[in-house]
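Got your viewer open and a selection tool handy? Let's take a walk, one selection at a time.

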Amino acid sequence: MKQENLIDAVRDSSGVNPRKCMKCGKCTATCPAFEAMEYHPHQFVDMVERGKIEQLMQSKGIWNCLSCFACVERCPRNVKPAQLIEAVRLAVIRQQGMNHLKPEQIPELLNPDLPQQAITSAFRKYRK
Amino acid sequence: MMHRIGVFVCWCGSNIAATVDVKRVAEELGKQPGVVFATDYQYMCSQSGQELIQSAIKEHALTGVVICSCSPQMHETTFRRTVSKAGLNPYMLEIANIREQCSWIHKDKETGTEKAIVLGRAAIAKVQLNAPLKAGETPVTKRALVIGGGIAGIQTALDIAEAGYPVDIVESQPTIGGKMAQLDKTFPTLDCAACILTPRMVDANQQENITIYAYSEVEAVTGFVGNFHAKIRRKARYVDETKCTGCGLCTEKCPQKNVPNEFNLGMDHRRAVYIPFAQAVPKIATIDANYCKMLQEGKCGVCSKICAAGAIDYKQQDTFVEQDYGAIVVATGFRPISMEKFDEYAYSQSPDVVTSLEFERLMNAAGPTSGTLLRPSDGTHPKTLVFVQCVGSRCSDDGRGKPYCSKICCMYTAKHAMLCREKYPDTDVYVFYIDVRAPGKNFDEFYRRAAEEYGVHYIKGQVGKIVPEDGKLKVQASDLLANEQLHIDADMVILAAAIEPNPTARSLATMLTTPMDTNDFFTEAHPKLRPVESATAGIFLSGTCQGPKDIPETVSQASACAAKVMGLLHKDRLVGNPCIAQPDELMCNGCSSCEKVCPYGAITYADKEFRTFEGMKVRRVAQVNPAVCQGCGACTVACPSGAMDLKGFSNRQIMAEVDAICK
Amino acid sequence: MQVNGEFKPKIVAFCCNWCSYAGADLAGNNRLNYPAEVKIIRIPCSCRLNPMFILRAFQRGADGVILCGCHPGDCHYTTGNYYARRRMTLLFSMLDYLGIERERTRVEWVSAAEGAKFAATMNDFVQTVTKLGENRRLEDLRCKK
Amino acid sequence: MVVNYFPGCTLKTHAKYLDLCGRKAAEKLGVELRELPEWQCCGAVYPMARDEIATRLSSVRALMSARDNGGELVTLCSACHHVIKRVNGDMQRDENIRTKVNNYLKPETPYAGETTVLHYLELLRDKIGWDAVREKVVKPLEGKKIGAYYGCLLLRPSAEMQMDNAENPTIMENLLRAIGAEPVIYSMRNECCGGYVTMEDSSFAASRAKAICDNAAACGAEALITACPLCYYNLKQNGSLPVYDFTQLLAEALGVDMEGLEQ
């Protein structure tokens, strides 16, 4: 996808306007997965604003966001960083085409103690 | 008589001319019936623009003028004066608003020009039906009412009183002084708030032109500029103000000891009978009926027994004062917002998380800890303090916080941090900020001093979460410049809570029919040129009721407000609005419909004799009191026979505008 | 009115002097765009609006009429907008009877601080009226081309 | 009172106890939880993207089924509640999503978010009332100091979930009070447990869960309750405190015969 189209895709599917960010850093202050993200939430918003989507798509951190919505809840400007991260994640997944897991691949990935909810969620979020 | 109308199209520099072809507008409007002269000019409101209008009036014997320019709210008064100097009645003028409501909102020149022509046509159609009007005059009551007795209200009242006019201050609390009385030191000079405020309070008390109604509320206001009438409720103190000497004995002997002390924001206790603080004005005790055993259960009476002056009166009732005023000043002030919606900062979970105003009391010699900074939870000396800025300020409009900058927090936080380091050099002080805003005189120097000389750690970033655990406050924050997440074990956290208008302001605005903005701050008549007047004539704004302000700004605005009030009170008579209701007595059948809808009681009835084809007959007809009518027009629509009409906005005039627009 | 084959409605907006007219000015100050079809008539208070004016507008070819006043409780004349509200409610049933679509007449409360709301309201109203097309009820044939 | 009930996948497998206790407790309170016929998985994660339609469909099916059977839908698992409640909000507010979903599902009556989605806790608070719960308690949990663990999904984003104050919630504390226990308020109760990242990196969830339990313990909690099977799993695996489904304690307090319930 072209660079401009990527930016539009991320903005449209997230429904977030990154320009509302006033760079206060509360998202980054509140993020429980801070250590696991090479681009911290406030940087993430800034990078979307500046169109560095491809760089974000290659980052590992997008798979470590917990979707705990703490940044969404506490952001004073209603920016919703988690939705931007999800949108970038989705951009990656959509570029991969139909490479879904096959049913026979699944059992070896499983921990039988895990609740189903976690398994479904994890597979849905991380079809990377 | 056919009017001779002149049309003047203003360019307003490029404000209008950029999107409206002013030449074409003038040309098109020049062709309208009745128009004998049409021209355009760069700035109609300038001296030469006004002279252009005046000479055209004389040269072309104009009887009506249409000016296509900015909003009438901007320059209607200016242009009325202009035409009147050229000998025309000031009400033979109509303004077509082709700036705010045309050139500024349209980008396409063709569209803008077309619309401007239609708006001009409507104004021409209206002015054809204008009649010369003469405004009536009303006397001015030379007395001012100041609502709110904080530093803003006190300053305004003192200035007005010193100019020789009587002023009444109505304050809802038992003492005047407001929020400033609760402050410890003031930035950027670090002089003590009480030392500069309390002499002012005493001045207000002693100034013979000032009457202080403390522990009172404005109940109702009627009337209009120069002629307001207010009803003031004096809440029962259960103490006779004329007898109480303020000795304070009752406040020491009252057995009800556990009443949260609002002056110290609930961080310590007072008795059920109390004087808020030592320098209170008036220094009179008040019994808190919610806690007084005598008033609640009918037994106790200790205060009554020990009061040597015999001032205690358990049977006291609320009383009312009614008074006429020429001007009303709103000085209702602010309060910090509730921290309820920001509990990620654990305000409700730990007493060691405090707001800045609470911190102010904790540092104050008259505060709950007598000025020694101690942790509220265990009374120990805090070592690590974290200040959080912008709590609830600069939030987007989602109901959690306020969209505006509260303006004072950066500076008082610098002050707190500095005082803290000065008094307790063993402390570690962190300030988390988004931006440090210090644009006042000596403000930036002050903030820099906190960082440079006092070693306050200023960290650009915000606090995300505070977790009280094992006697510490675990602060999780961001350091944006280092791109790190910080974890600090703090002993105390101080939240710079956003400020909001006093919650009673909304109902007061309704009572005074004064506009407010979406944040419940009172709206000034013009953001630059009329900052201390409200849009409602005779109502003035002083202090933070109009928007966040620090003390120097509040005081200068308060004095400016006083100057405006004095300007009004100095006049003996006020020229009213001539656009008032007028009945056509021949059509009026005296049905009383108009009287019922009039909000001012301006309509009365008189029996008058009329000549009819059956001879003279006496009929009851409506009469409008021109001094009382405000010209809303409610009666004109209620009138079933169409007898009542509004001068300047008559049925025919409005319909002519409708016709011109729909043509 | 048809302009280059495109329908451009005629909209009359009655605005009270204290709130909505100032709100419209604020929209202008902030350069908030709304269609040029909207032409504002200043009245001192929403209660000055005689329902007759609205009928007159429709008769003379208006496609939509909107009345803007102060928010309930905030009227400069204390109670004017309550009268306006009651009168307009009555007028609505009459317009219904006349067969003029309900959406062609609207009442909105816009304060002096609500420039954005003013522009948004006008955009929305013009859109609604444009969808309805030309108003043919009540038209005075002598007045239309 | 009979209400539609959406148990969700996990409550039929790993978190049977949460479900069984919930039903039994409701019975004691005079409420029958009527399972939606042929319900499907809610989708497990809420699709935050505005242009993801297919992943919203299964929730909409459940919501429509509830609409056609009385108009209310009670959920118990936090994750299901989060997904279903927010998808319902999308159907109410987002015209694009509403149109596309209806175009796809082609229901007889188009769906526009008419169903009211209630969490079991909201059922207790708003429909039954804490006083009524308190009256039915036969074995109050006296003297037990319990911390309520909310996690993320139940409360956030509060603008959409509309359940409680997201930073200082009270609903589970009030439940604890109603069943006679002493609630312990601790700050980490609305911080993430590590969620499904535990599948990729269990050490991360371990550190989160430990921090939460330590904070609760430091504030005096002797046990935790939760409404979410995943939180339950993460806390139980890694934490230092006993963890219960909130319905279990409720059922016990109401005198449900726990012997008959299989864990």
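Start with the largest nonpolar core, which has 191 residues. A nonpolar core here is a set of buried Ala, Val, Leu, Ile, Met, Phe, Trp, Tyr and Cys residues joined through C-beta atoms within 7 Å. Buried, in turn, says that 20 or more other C-beta atoms lie within 10 Å of a residue's own; exposed is 12 or fewer, partly exposed is in between, and the C-beta atoms are placed from the backbone. Select B:Y345, B:V386, B:V493 and B:L495, the residues with the most contacts inside this core. Then color helix 13 (residues 409-423) of chain B, which gives the core its largest share, 8 residues. Helices (H or I, at least four residues) and strands (E, at least two) are DSSP runs, numbered from the N terminus.

Before going on, a word about what you're looking at. It's a predicted model: local features need pLDDT of at least 70, side-chain atom pairs count only at pLDDT 80 or more, and totals for chains, interfaces and linings use all residues. Residues are numbered from 1 along each chain as its sequence is written, while chains are lettered from A and ligands numbered from 1 in the order in which they are written.

Now zoom in on B:Y345. Which residues does B:Y345 touch, not counting those up to four places away in sequence? Among them are B:M339, B:V353, B:V388 and B:I466. (Two residues are in contact if their C-beta atoms, placed from the backbone, lie within 7 Å.) For a second, separate core, of 124 residues, select B:V25, B:I661, C:Y21 and C:I54, which it includes.

Select helix 3 (residues 47-59) of chain B. Its end C-alpha atoms are 18 Å apart, which agrees with the 18 Å that 13 residues should span at 1.5 Å a residue; the expected span is 1.5 Å times one less than the number of residues. Its buried residues are B:G49, B:Q50, B:I53, B:A56 and B:I57. Look down the axis of helix 3 of chain B: those buried residues fall within an arc of 125°, so they line one face. That arc is taken from the directions from the helix axis to the C-beta atoms. On the other side of this helix, B:Q47, B:S48, B:S55, B:K58 and B:E59 are exposed. The buried residues pack against strands 1 (5-10), 2 (35-41) and 3 (64-69) and helix 4 (72-85) of chain B. After helix 3 of chain B comes B:A61, with a positive phi near 50°.

Which chains share the most contacts, of the 4 pairs in contact? Chains B and C do, with 43 residues of chain C in contact with 41 residues of chain B. Helix 1 of chain C gives the most to chain C's side, 6 residues. By class, that side has 23 nonpolar, 11 polar and 9 charged residues. (Ala, Val, Leu, Ile, Met, Phe, Trp, Tyr, Cys and Pro count as nonpolar, Asp, Glu, Lys and Arg as charged, and the others, Gly among them, as polar.) Chain A and chain C do not touch; their nearest C-alpha atoms are 17 Å apart.
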